[in-house]
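Please keep the sequence and the structure in view while reading.

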Amino acid sequence: MIILVVDDERPARYALCKTLRGDGRTILEADNGELAVSVITSQSPDLVFLDLTMPGKDGLAVLDELSSHSENEIPEIVIVTGSDSIANAVQCVRRGATDFVTKPYDVEHIRSIASRTEHRVRLQEQLARLRDDCANSHSRGPIIGASRAMRHIFEQIDRAANANLPVLIRGESGTGKELVAQQLHERSDRKNGPFLPVNTAAISATLIESELFGHVKGAFTGAERSREGVFRRADGGTLFLDEIGDMPAEVQTRLLRVLQESVVQPVGSEESIPVDVRIISATHQDLESAIENKLFRLDLFYRLQGIEIALPPLRQRHEDILLLATDFLSNSSRELDRSAVAALVAHHWPGNVRELKQRIQSAAAMSPNPKITARDLGLCPETSKLNEQLFNDYFDLPLTEAREQLSSDFERAAIIRALEHSEGNVSAAARSLGIHRQSLQQKMTKLGL
Ligand SMILES: Nc1ncnc2c1ncn2[C@@H]1O[C@H](COP(=O)(O)OP(=O)(O)OP(=O)(O)O)[C@@H](O)[C@H]1O
């Protein structure tokens with residue numbers, strides 16, 4: 001804790017400083033109002049004992065000046081005054097001072113004021129730490145998640161960021177693999193270097209080598225100029241190789257060489273150029289079966305896998321769904337209604353967070369009402385429920401019974417969905433289902449709708 005003692009009289013300052021001395025306390029002194037203002041603004045003391053009567057800028061003027069700097073928080077200020085100027089001291093309290101003491105002061109009273117501030121400072125520090133911990137446990141940069149699985153991912157990001165080993169990120173499409181790769185880069189010593197994402201599945205097999213390693217002029221028909229390639233462009237930074245499960249075999253071989261020797265050889269060149277690049281790769285493919293089927297090199301797999309981070313699908317982390325949904329809505333004035341909340345939690349999320357983001361953002365843009373419904377999200381609660389339980393409820397039944405039950409459950413869900421879409425208009429629902437109105441009415445009666 002920092003305490004500032006302001007008094008123009010040296011012996012008075014000395015006595016107060018002596019009274020206040022203690023473990024963990026830094027005591028600063030100022031012998032005039034000007035200096036007091038400058039120390040308060042530059043050192044941000046936690047507690048100030050301010051003499052009211054001083055030549056030049058007195059205590060009241062110091063307070064006035066501090067309150068005119070509205071950007072700075074006024075610290076806890078205790079006015080020290082003679083018994084003849086209590087009225088002025090009261091004035092000071094009105095202008096923002098916390099308290100006042102009269103001279104000759106009681107030493108124990110002064111010490112108790114300091115202890116009280118010390119206690120407050122400690123509580124504030126604890127609160128700030130808790131707030132940080134809390135914010136930290138729910139996000140890493142733009143990555144949000146409160147589930148146990150995501151908190152584990154956050155710990156892995158923290159540990160892996162500076163490990164300077166390759167990282168292989170696995171997970172279904174839309175689970176946030178690229179976001180994780182970015183955070184690993186942002187939190188590493190390489191953060192001032194480039195972060196280059198390359199979708200290896202999107203580059204044509206004929207161009208991929210030149211894309212990754214570059215080429216020299218004339219290396220092949222159409223190579224009118226030499227090209228650097230992403231490895232050299234990412235020198236000193238991180239290269240994010242996405243969809244590595246779809247990389248052609250000959251590129252796998254050359255990539256392995258770069259990883260083993262840290263040199264690249266541009267297409268058409270004999271020259272080996274050293275590169276310092278950290279590789280983070282990602283895939284949604286089952287690499288083990290690709291290896292078994294000789295589609296992916298085992299030695300390359302081991303090279304890329306240095307550290308493995310496996311992102312769980314969204315349907316396995318229900319706690320994150322509403323947290324993410326609320327975050328995706330944060331720039332809009334819309335809210336989710338109860339049907340939307342139920343549907344979000346029940347949906348199977350085949351497209352993971354990408355699908356959630358897209359559904360929320362499009363509902364927020366398109367919904368005419370302030371409350372977003374399940375229908376605005378394109379999620380009918382009945383079908384979502386069916387989706388979630390799909391097949392699970394039927395496995396224990398004999399096959400023929402299961403087939404009948406499944407068919408009748410599906411019919412019910414399809415009818416409810418069609419009726420919801422047509423806002424209860426039976427003719428329109430029948431049209432969308434491709435059946436006659438009477439037939440739909442009979443089915444509705446049978447199903448008790
Ligand atoms: N935990 C998360 N918090 C916030 N946004 C997320 C999270 N996970 C994914 N997203 C968002 O979802 C979208 C898809 O994420 P990303 O591109 O990182 O997924 P991916 O696993 O790399 O997908 P793909 O395999 O299809 O390339 C992005 O808009 C991303 O910002």
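In which strand is the place of aspartate 51? Aspartate 51 is found in strand β3, which covers residues 47-51. The model is a predicted one, and the points below are grouped by topic.

**The chain as a whole**
- The chain contains 19 helices and 16 strands.
- Of its 449 residues, 30% are buried.
- Among contacts with a separation of 6 or more, 68% join residues 24 or more positions apart.

**Aspartate 51**
- An unreviewed UniProt entry places the feature "modified residue: 4-aspartylphosphate" at Asp51.
- Aspartate 51 counts as buried because it has 26 C-beta neighbours inside 10 Å, and the cut-off for a buried residue is 20 or more.
- When neighbours within four places in sequence are left aside, aspartate 51 is in contact with Val6, Asp7, Asp8, Gly59 and Val80.

**The surroundings of the ligand**
- There are 18 residues around the ligand, of which Ser173, Gly176, Lys177, Glu178 and Val353 come nearest.
- Two or more residues of this shell are given by each of the elements β7 (143-144), α7 (177-186) and α15 (352-366).
- The ligand lies between domain 2 (143-310) and domain 3 (315-446), because both domains give residues to the shell around it.

**The nonpolar cores**
- The largest nonpolar core has 37 residues, and Ile169, Phe231 and Leu239 touch the most other members.
- Helix α6 (residues 148-160) gives the most to this core, contributing 4 residues.
- Another core, of 29 residues, lies apart from the largest one and includes Ile27, Ala36, Val48 and Ala114.
- Beyond its neighbours within four places in sequence, isoleucine 169 is in contact with Lys177, Val180, Ala181, Ile280, Ala282, Ile309 and Leu311.

**Glutamine 285**
- Glutamine 285 sits in the loop between β13 (278-283) and α11 (287-292).
- Is glutamine 285 buried or partly exposed? Glutamine 285 is partly exposed, because 16 other C-beta atoms lie within 10 Å, a count between the limits of 12 or fewer for exposed and 20 or more for buried.
- With neighbours within four places in sequence set aside, the contacts of glutamine 285 are Gly245 and Ala290.
- Glutamine 285 and arginine 170 are separated by 115 residues in sequence, while their C-alpha atoms are 8.0 Å apart in space.

Conventions
Residues numbered from 1 in each chain as written. Predicted model: local features only at pLDDT ≥ 70, side-chain atom pairs only at ≥ 80, totals over all residues. Near = placed C-beta within 6 Å. Domains from an automatic or database assignment. Contact = placed C-beta atoms within 7 Å. UniProt positions renumbered as here; feature names shortened; annotations may be inferred. Core = buried A, V, L, I, M, F, W, Y, C linked by C-beta atoms within 7 Å.
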